[in-house]
Amino acid sequence: MKIIVCVKQVPDTNEVKIDPVKGTLIRDGVPSILNPDDKNALEEALRLKDKMEDVQVTVITMGPPQADEVLRECLAMGADEAILLSDKAFAGADTWATSNTLAAAIRKIGDYDIIFAGRQAIDGDTAQVGPQLAERLGIPQVSYVQEFEMDGDTIRVQRALEDGYEIIKARKPVLLTAIKELNKPRYMSIGGIYDAFREKEVKVWTLADIDVKKDEVGLEASPTQVKRSFTPEPKGKGVMLQGTTKEMVEQLVIHLKQKHVI
Amino acid sequence: MHFQLTREQEMVRKMMRDFTENEVRPLAAEIDETGRFPMETVEKMNRYGMMGMIIPKEYGGAGADEISYAIAVEELSRACATTGVICSAHNSLACWPIWKYGTEEQKQKYLMPLAKGEKLGAFGLTEPNAGTDAAGQQTTAVLDGDAWVLNGTKIFITNGGTADIYVIFAMTDKSKGVKGISAFIVEKGTSGFSIGKKEKKMGIRGSATTELIFENCRIPKENLLGTQGKGFAIAMSTLDGGRIGIAAQALGIAQGALDETVKYIQQREQFGKPIGKFQALQFEVADMETRVNASRWLVYNAAWRKSAGLSYGKEAAMAKLFAAETAMYVTTKAVQLHGGYGYTQDYPVERMMRDAKITEIYEGTSEVQRMVIAGAVIR
């Protein structure tokens, strides 16, 4: 069985700041990490590999040469092979162009049974690439997967909703997007880290390696335009009411009347 | 010459930090308080290849280099010195001598499960009357047919009772003195081998430190490790490597206490400002940082020399001496800079100061390290 896991290298948004003038992310000195939901996606693939014979897990990402780092991490967690789609022509891509590029690469890999992706990346938060990819490949998709089971060719998943979940059955090949409730990702292992650098390789594919036209990738093929980025104004400090319950309720009513809530 | 870690070593640090923050730090205060051995952590360390790190893959290890190993012990010890020493004793004192001196059969039978993390290892050299004077072994081993018969008592054995496989030293020919000592592999559960008293310690309280008692304990003849009479040399070379592990543990304790201090002095306000704004305290932190960094490079240098196949006995002794004294210095300062809070168990520096002390004592006291260093310099 062949599983493909789509991952992304993202800035650790706990550490990131926005340039107040340009409105862009200040990436200098911000550590890059493997996108958290993508770790859950990889973990589910690795669990299938632990349970079954002949499971091949391939991780793929599109990004600059530095994205090699997150692919090595995936290899150190136990993935078998890694592909880095890296070309200046791919730069500046929005989700539309990214999914087009990934789809071309995945068609080249071919013959896959399951594609796992994280729900969304913590830098853009669009949650679009997974679903777009399934559409481009013409395969079924289930997003927000919180539980996964497989019985022969049939896959049964729970799809998380705001107030519950749906149970969905699908046939392979299928694309699933993972949320953090799906599993607890494993750590890299020490031996895995050494394998990732010494035994395994990260294949780099450029535009020339995949069947896609230059004007269908990168910035030019991206209909999205960022009008403005900004940091939302922080909310003002809340007011703590003090006193007996009766006094506090009286004050609360006054406040609410002043604000014309009641 | 360059001072940059390899990508593997950087990734080992990242992985170890992630593991430590999530799996090790949350237990540190509790196992110190209760003195409970954290078996669940050992099982996790097994799973991720930390127990058998430096052993080649063909014997079930992770095949890591010595710097990665030092980084692993350092990172564990930043949060929990107990976990650091469990890892260090297993890797340096049990896996390594069997890998270095064991026969192929011994490696298959004993090293493989140790390095895969299926079994835990320990090392028994110290006796009530043979501490720094390790050559004064009173435990005896006598060949009787196809078995060695061991009699005697070992004390202060790290991982004692919890370990499955022990590297044990005993006198096989008292008339030959140091050259009459031999090394053996003893399995837990062997008749005549029992675990004695568990020590109540000042620090590293979650680690099991026990007596080992041998009363007519018969082990197979083929469990002699290395050749007869080479035991003392095996013990000394094993401790040379072990010192890198303990130096890394001391480094981790010092770094952990420094991290806590830097955080604390920026939060704690007195006289209307954070105490970290006072230059007197800034200078203390500067001295702590400098010593921690000096320790780190001594440790990594010794580790690098070991991986490179160069001599490392003196370098390991210097690393252990300096890192241990730094751990004591930094943790004492850390408690001081935390003031009264630092003396309570509400802050981890109190535990770290207690944990630091042992690094100046075990696997060769600071005095022994000075003897080793001086011996290498003054010939």
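Which residue with a positive phi follows H6(A)? That residue is His260(A), with a phi near 60°.

## About the model

This is a predicted model, in which local features need pLDDT of at least 70, side-chain atom pairs count only at pLDDT 80 or more, and totals for chains, interfaces and linings use all residues. Residues are numbered from 1 along each chain as its sequence is written, while chains are lettered from A and ligands numbered from 1 in the order in which they are written.

## The sheet

Let's start with the strands (DSSP runs of E, at least two residues, numbered from the N terminus, as are helices, which are runs of H or I of at least four residues). Nine of them form an open sheet with mixed pairing in chain A, in the order S11-S10-S9-S12-S8-S1-S6-S7-S13. S11 (164–171) and S13 (202–205) of chain A stand at the edges with a single partner strand each, so one side of each lacks a neighbour in the sheet. On average, neighbouring strands are turned by 30° against each other, direction ignored.

Two strands pair if DSSP finds at least two bridges between them. S1 (residues 2–6) and S8 (residues 114–118) of chain A pair in the parallel sense over four bridges, and Val5(A) stands opposite Phe116(A) in S8(A).

Now back to H6 of chain A, which spans residues 245–258. Its 14 residues reach 20 Å from first C-alpha to last, close to the 20 Å expected at 1.5 Å a residue (1.5 Å times one less than the number of residues).

Terms used. Axes are lines fitted to C-alpha atoms, for helices over the stretch in contact, and angles run from 0 to 180 degrees between N-to-C directions.
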